[in-house]
Amino acid sequence: MAMGIATFLIILLFVFKHLAPVEPFDVRQHLSTVSRYGAVKDIADSTFVPSNVPDGCSPIHLNLVARHGTRSPTKKRMRELDKLATHLELLLRDAKEQNLSLKKVPAWLWGWQSPWKGKVTGGELTDVGEVELYHLAIRIRERFPDLFNEEYHPDIYTIKATQVPRASASAVAFGMGLFSGNGSLGPGHHRAFAVTSESRASDILLRFFDCCQNYKDFKKSQEPAVDELKEPIFDEITTALRKHYGLTFTRQDTSSLWFLCKQEASLLDITDQACGLFSPSEVALLEWTDDLELFILKGYGKSLNYQMGVPLLKDVFESMEQAIKAKEENYAPRSYEKARLRFAHAETVVPFSCLLGLFLEQSEFEQIQREEPLKYPPKPPQKRNWKGSTVAPFAGNNMLVLYSCPATSSSKYFVQILHNEHPIPMPGCDNSDLCPFEVFKERIVTPHMKHEYHAVCNVKLEKPEQKPRKSKFSQLFHWLFSPRNDDNTGFLKDDL
């Protein structure tokens with residue numbers, strides 16, 4: 001009898017488990033680095049249990065490295081969408097002339113024009129992007145009131161941005177939120193504050209990727225290989241689109257439609273047009289191609305990608321040491337820095353996250369310490385830690401909070417890392433989000449300090465082995481039988 005009841009309960013649990021409501025698929029959470037902050041910021045590892053900050057510990061310094069907020073498409077990308085509109089018109093006209101069935105063609109495709117048609121500027125911070133940074137600042141101020149209770153001074157609250165307008169505008173939006181109500185300007189009682197920038201030609205703290213010749217050479221040499229890795233996915237989806245809609249889409253069309261999907265969903269909250277052309281499984285594969293490119297060209301795919309960010313890591317660490325010195329030597333109030341706030345790009349945030357060893361398993365962290373290459377992120381439906389929508393969405397950020405603790409604590413100072421405002425495990429610190437300062441220094445910071453920026457970036461490296469050149473016959477065969485036999489362009493790249 002008891003055996004029968006136990007069996008019944010097991011069956012019942014199994015049924016309830018499989019009848020549990022499935023979270024609806026939200027394409028806005030699958031747009032890689034084009035994801036809007038509000039759509040993804042609270043997606044975190046549900047199995048990770050954050051540490052409790054020991055009793056009596058208080059924050060004494062905060063470092064922020066943030067990406068700019070949501071931005072509009074660049075001029076290059078807007079031209080791509082104009083070309084897409086022209087080609088879609090041609091495809092529909094040809095299909096109509098051939099009396100092909102157009103019943104499955106979505107109504108929005110007829111006469112579609114880019115939402116950015118006629119716009120002559122691009123890449124700027126949008127209204128949504130301003131709001132993202134403004135409210136991020138308010139949440140940080142509320143979370144750490146003891147750090148932001150001082151009257152503003154540029155030596156106490158240092159704000160830096162790159163010279164790219166969307167980054168400096170993000171810094172301004174953040175500062176307006178951080179200091180709102182503390183000034184005498186306008187009904188919002190705002191106040192003026194300083195945002196400093198280095199020249200783009202010499203900014204090795206926030207635009208190190210722009211000043212690193214070896215990195216630029218590596219990226220240029222690897223882009224064709226990355227495109228080759230992505231091509232089978234785009235060919236597969238292009239074939240599916242042709243079959244489903246009866247239009248002779250090219251691989252370039254699929255690439256442009258995926259880009260349009262990301263822009264519509266992220267900037268305009270439209271998810272039933274370009275995004276509606278793709279099934280959830282196809283979106284997952286397209287997202288993976290973006291994440292794969294991010295991994296290879298900006299992340300763990302090559303140690304150079306993050307070694308060039310060592311000046312930024314050094315700047316962050318030295319600011320912590322200065323805060324500890326101020327605490328130890330009882331500096332007078334208002335005579336030392338309490339926060340260093342930086343606003344830059346995905347190409348800044350991603351390498352910095354890699355230097356901290358985030359989004360890795362313990363064994364992988366040991367591999368990057370030995371400068372060994374990591375395996376590529378697994379393709380869906382397999383799960384992966386590396387997702388651009390989490391690693392570096394618009395306004396994505398890393399905060400490093402330095403805590404001072406009582407003498408009775410196991411360590412006098414701790415470092416906590418918050419990624420997109422949530423505690424995140426550090427493989428270099430036994431997968432804890434709270435790391436004793438000396439352990440953080442020894443295991444995470446010091447191993448990278450052997451790399452000097454000039455040596456990493458400007459000393460000639462050995463050229464990677466070139467792939468054998470394809471014969472003219474094999475090139476012709478590939479051209480004839482590829483689904484995109486009229487494509488003549490690679491995948492467009494953007495400065496993020």
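These legends accompany several close-up views of a predicted model.

**View A. The second largest pocket and its lining.** Let's start with open space: the second largest pocket has a volume of about 1,200 Å³. Its lining is made up of 34 residues, and I43, A44, D45, R384 and N385 are the closest to the centre. By class, the lining residues divide into 14 nonpolar, 13 polar and 7 charged. At least two lining residues come from each of α9 (280-298), α14 (388-391) and β6 (422-423). Helix α9 gives the most, with 3 residues.

**View B. F174 and F343, a tilted aromatic pair.** The model holds 15 aromatic pairs, and this close-up shows one of them, F174 with F343. Their ring centres are 5.0 Å apart and their planes meet at 55°, so the pair counts as tilted. The two residues bring together distant parts of the chain, as 169 residues separate F174 in helix α5 (residues 165-178) from F343 in strand β3 (residues 339-344). F174 has a relative accessible area of 0%, so this residue is buried. F343 is buried as well, also at 0% relative accessibility.

**View C. Y300 and W386, an edge-to-face pair.** Here the rings of Y300 and W386 lie 5.6 Å apart, centre to centre, with 65° between the planes. This pair, too, links distant parts of the chain, 86 residues apart. Y300 sits in the loop between α9 and α10 (303-307), while W386 belongs to the loop between α13 (362-369) and α14. Both Y300 and W386 are buried.

**View D. R77 over the ring of F259.** A charged side chain meets an aromatic face in this view: R77 lies over the face of F259, 4.3 Å from the ring centre.

**View E. Strand β4 and its two partners.** Strand β4 (residues 397-404) is mostly covered, with 8 of its 8 residues buried. In a regular strand, side chains alternate between the two faces of the sheet. In β4, N397, M399, V401 and Y403 point one way, N398, L400, L402 and S404 point the other way, and all are buried. Strand β1 (residues 58-67) runs antiparallel to β4 and is joined to it by 8 bridges. Pairing between β4 and strand β5 (residues 413-419) is also antiparallel, over 7 bridges.

Note on methods. Residues numbered from 1 in each chain as written. Predicted model: local features only at pLDDT ≥ 70, side-chain atom pairs only at ≥ 80, totals over all residues. Heavy atoms only, no water. 1 Å grid on protein atoms, 1.4 Å probe; cavity = no way out; pocket = protein on both sides within 12 Å on 5 of 7 lines; lining within 4 Å. Points joined across faces, edges and corners; volume = space filled by probe spheres on them. Helix = DSSP H or I, 4+ residues; strand = E, 2+ residues; numbered from the N terminus. Nonpolar A, V, L, I, M, F, W, Y, C, P; charged D, E, K, R; others polar. Phe/Tyr/Trp six-rings, centres within 6.5 Å; stacked < 30°, edge-to-face > 60°. Buried < 20%, exposed > 50% of the residue type's maximum accessible area, 1.4 Å probe, protein only. Lys NZ or Arg CZ within 6 Å of the ring centre and 35° of its normal. Pairing = 2+ DSSP bridges.
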